Amino acid sequence: MLTEQKQAGRQNHAGSKSLVWCSAELYHSEEELHPQALHPWRNQGKGLVRVRRDWIIPPIRVSENSKQVPENLVQIKSDKIFTSKVIYKLEGPGVDQEPKNLFEIDDRTGIIRSKRPLDREKYSSFALKAFALSPSGERLENPTTIEIMVLDQNDNRPAFTHSQFIGTVPEFSVPGTSVMSVSATDADDPMTENALLSYSIIGQESFPGNTVNKTMFGINNETGAIYTRDVGLDREVVKSFRLKLQVADMGGMGLTSDGVAIIHVSDINNHAPQFSPVSYRMTAVENRKDYEIGRVNVTDSDDRGTENWKARYSISSDPNSNFAISTDPATNQGILTVVKPLDYEAQSQHILILTVENLNPLSNKAPNLPVSTATVLVTVVNENEAPHFREDPIQIVVLESVGPGTLLKSNIAYDPDHSDLRFEISRDPERWLDINRDTGDITARRTFNMRSPHVKNNVYSAIVKVIDADGVSNTATVAITLKETNDFPPQLFPLSGSVCQGAGRSSRLVVTAVDEDLPPHAAPFTFEIPDDLSTNWTVIQVNDTHAVLQPLVELEAGEYAVTVLVSDSGSPALSAYAQVNVTVCLCDSSGDCKSEVGAILGSSVGISFIALGIIVASIALLLLLLPLAVAVTACRRRHHIMKGTGLLVGESEDDVRDNVFNYDEQGGGEEDENAFNVDLLWNPHDATPGSFYPGYGVPRGKQPLRKDAPHNLPSPSYPRRPPADPTDLEDYINDGLEAADSDPNVPPYDTALIYDYEGEGSLAGSLSSIASGSSDGDQDYDYLNDWGPRFQKLANMYGPS
């Protein structure tokens, strides 16, 4: 029975699509069936018997797109000994899983059928499971796997992967040059001839049209690779080709589809650029730069806009690099520009030789021609140029002490047009400079001063201007670097002080020096006492700027004038003598001088209060009598003058040399009360010609000392002659003011300054009018003999004959 069934099954498989398969399992008793169970094949039943063996069913092949539906595919049957009927079930994709309702099974006969046509391109196979159940739902045997294979039919055309393929091929390519590849796909079974593709070119079209009539391209029918078949690809003749393609399955015998391939002929640099024309004339204005003066043209048959077409220009005859040439990317023209100013006076014409080449190197397939050249004649246009300074700024290095009239700089400017020039100073805040109007020579007008606020970092700046004959001007800065010179001697400070009596060498006065010069013409200073002066004192150097004065012996209390010589480190060194007024006094415990009263009271001699009172009363009495005596003397003198005894005649019994002049000067204002407090006694007998300070009418040697300036310093020279030219009056006044400001021996700054003061006007008006109301005989000149040798000449002239 089993053998026949198997044999019958094999015969059925070979001759029909219906198969009958049986299994060799024993049937179960009817009492073991449970019809109430739902899908019992998915659970394990109690009464299942071990499977002894299963049939292996080969795949069932079903053609796609079959129109005979429903179609019996296979029949399964259980050969287990069973008294009741068997129920067959089927599950899997195509039955109760997606895609559903493609297959079904007859639950009584076990025949499996296809319900609808199948599509291999969607589902190429199905794996189903078949079950044999009892009426109660129990499994009678293990599930059987049934595999259904869908057989392919050539129901899909091949299709190109792109609607249009685009490629390029260089011009003049040799036959066999690969251009591009095309491809296509077929949805049919790739293992069958239904998807075996074959490519072909069925049409060729050139652009421009009808320029090429021969077949220029071929295609590999298996790979789709397109290649050149013939020579003659010239981009200047044909720009591109349009190929009509075809692909067919079944090795070229099946279904077909068409496609398009566009092949562009790419350019190679087989044409060198050529100038057209080859000579040009251009003009350029002198003294200008960075502007275009003209353009040159070239022709090139290569593809416009490519590196094979773009030109690169060069200039081969411009030794001074005055010109430059660039390429206009839109037109490929050469743009000639002036990059350095041209000078008409130096060269009125320039001949330029231009060359041109492409950005890409020339192909070896190009004609062997020389490099194209062009000649450009550039004519320079003259214009009136501004004068030029030979340097800007004009650098001058000079000593600050240079004298007026010293030549500082010459030949500072020139005119390219060779016209006459005139020079002037536009800015000179200190008025230190002069400039020759015609030559431009710069000279020193006044001595420089490095302490001027207009000198920055030792540099004084001025501005000069030059103008040509047509009024065209130019300016330049004059930068004068001033070098420090040793102009000022050092000054000792302080010029007064005190030391303690009896303290020996432990009591000393510290002095220092100041110098208006800058290093290296200032510190370190040297201090010394001349051997013939101040023998009882010595000076000891402490450091570069300080020294101490101290007595060599015990000195009595009192005032001492010590002369100190201080020198700077300049080259040459300058020195100055200074008189230091040192007070030797008794000191208290803190080292300060005691007052005179304190010193007396504290002395060992002692003095009574009665004696002290007598001394004070006597001083007060003298102070009361002194104004009275002065008033009486003044009245007597006025009385004699009113009597008309003559200006030179006086009946006063006092010698004129003993007259006292009290200058009760209190300074020039509130700010000078501490700097100038004068009670000056002057004996006219000591006055000599030229002994007055210029501008103040005060005798030399009797000038009050200023407390805000060092003593015993030399006075500067004052301007004595007024200028002949009224335009220089301002300089004359400024020079006198500057001398007065730097004179340490003058009264305070706000005291009236009188230039060339020669005294009050005489009451007589002139010498000839002295005592003109009387004759010589009425005058008694004998008193002239009593006036000393200075008036002896007058006594001999007017005395008795």
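**View 1. Arg312 in strand S22 of a predicted model.** In this predicted model, Arg312 belongs to strand S22, which covers residues 311-315; strands (E, at least two residues) and helices (H or I, at least four) are DSSP runs, numbered from the N terminus. Arg312 and Ser326 are 14 residues apart in sequence, while their C-alpha atoms are 7.5 Å apart in space. Residues are numbered from 1 along each chain as its sequence is written, and side-chain values use heavy atoms, with hydrogens and water left out. Local features need pLDDT of at least 70 and side-chain atom pairs count only at pLDDT 80 or more, whereas totals for chains, interfaces and linings use all residues.

**View 2. The open sheet of four strands, S10-S17-S16-S13.** The strands of this open sheet stand in the order S10-S17-S16-S13, and their pairing is mixed; two strands pair if DSSP finds at least two bridges between them. Strand S10 (164-170) and strand S13 (198-207) are the edge strands, and each has a single partner strand, so one side of each is left without a neighbour in the sheet. Neighbouring strands here are turned by 25° against each other on average, direction ignored, where axes are lines fitted to C-alpha atoms (for helices over the stretch in contact) and angles run from 0 to 180 degrees between N-to-C directions. Nine bridges join strand S16 (residues 240-248) to strand S17 (residues 256-266) in the antiparallel sense, and Gln246 stands opposite Asp258 in S17.

**View 3. The open sheet of three strands, S11-S15-S14.** In this open sheet, the order is S11-S15-S14 and the pairing is antiparallel. Strand S11 (178-181) and strand S14 (217-219) stand at the edges with a single partner strand each, so one side of each has no neighbour in the sheet. The twist from one strand to the next averages 25°. S14 pairs with strand S15 (residues 225-228) in the antiparallel sense over three bridges, and Gly218 has Tyr227 of S15 opposite.

View 4. Strands of a sheet pair through backbone hydrogen bonds, either parallel or antiparallel. Strand S38 (residues 496-500) pairs in the parallel sense with strand S44 (residues 575-585) over five bridges, and the bridge partner of Ser496 in S44 is Asn581. Strand S43 (residues 558-567) runs antiparallel to S44, and ten bridges join the two; Leu565 stands opposite Tyr577 in S44.

View 5. Rings of Phe, Tyr and Trp (its six-membered ring) pair if their centres lie within 6.5 Å, with planes under 30 degrees apart counted as stacked, over 60 as edge-to-face and the rest as tilted. By this rule there are nine aromatic pairs. The rings of Phe160 and Phe165 form an edge-to-face pair, because their centres are 6.1 Å apart and their planes stand at 75°. Phe160 and Phe165 are both buried. Elsewhere, Phe103, Tyr123 and Phe126 form one aromatic cluster.

View 6. Phe791, Leu794, Met797 and Tyr798 make a nonpolar surface patch of about 360 Å². Patches are made of residues with over 30% relative accessible area and no salt bridge, with like charges joined within 9 Å and nonpolar side chains (Val, Leu, Ile, Met, Phe, Trp, Tyr) within 5 Å; a salt bridge is a side-chain nitrogen of Lys or Arg within 4 Å of a carboxyl oxygen of Asp or Glu. Accessible areas come from the Shrake-Rupley method with a 1.4 Å probe, and for residues only the protein chains shown count as cover. Met797 lies in helix H5 (residues 792-798) and counts as exposed because its relative accessibility is 53%.

Technical notes: Buried < 20%, exposed > 50% of the residue type's maximum accessible area, 1.4 Å probe, protein only.
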